[in-house]
Amino acid sequence: MLVCVLGNELQAQLNTTLVGQLPYTQSVNDIWGYTHPVTGNEYAIVGTQTGTSVVDISNPSAPVEVHFSSGPSSTWR
């Protein structure tokens, strides 16, 4: 299973199926995963050019940005 939250381009991955996508209008530069220890909800924390995006990927076919913290423009977060 693969949920693309990295923008428009998807590099080749073996044995994966794209089930959801969250496009960004700005450059993204890193991604981390987090699973809530009580609810089991899964999140992607995405570094963007202008801040940090938190995306709920508990339903992989419908990722939802639940929070965005803006910051200074950067190509690395």
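In this predicted model, 4 strands form an open sheet in the order β3-β4-β5-β6, with antiparallel pairing. Strands are DSSP runs of E with at least two residues, numbered from the N terminus, and two strands count as paired if DSSP finds at least two bridges between them. The edges of the sheet are taken by β3 (28–35) and β6 (64–70); each has a single partner strand, so one side of each is left without a neighbour in the sheet. On average, neighbouring strands of this sheet are turned by 20 degrees against each other, direction ignored; the axes used here are lines fitted to C-alpha atoms.

The pairing of β3 with strand β4 (residues 42–48) is antiparallel and runs over 7 bridges. Within this pairing, T35 stands opposite E42 in β4.

The protein chain has 0 helices and 6 strands, where a helix would be a DSSP run of H or I with at least four residues. Along the sequence, the pattern reads β-β-β-β-β-β.

Of the 77 residues in the protein chain, 29% are buried, that is, under 20% relative accessible area with a 1.4 Å probe, protein chains only. Among contacts (heavy atoms within 4.5 Å) with a separation of 6 or more, 27% join residues 24 or more positions apart. The accessible surface, from the Shrake-Rupley method with a 1.4 Å probe, comes to about 5200 Å², and 53% of this surface belongs to carbon and sulfur atoms.

Residues are numbered from 1 along each chain as its sequence is written, and side-chain values use heavy atoms, with hydrogens and water left out. Local features need pLDDT of at least 70 and side-chain atom pairs count only at pLDDT 80 or more, whereas totals for chains, interfaces and linings use all residues.

Definitions and conventions:
Axes fitted to C-alpha atoms, helices over the stretch in contact; angles between N-to-C directions. Buried < 20%, exposed > 50% of the residue type's maximum accessible area, 1.4 Å probe, protein only.
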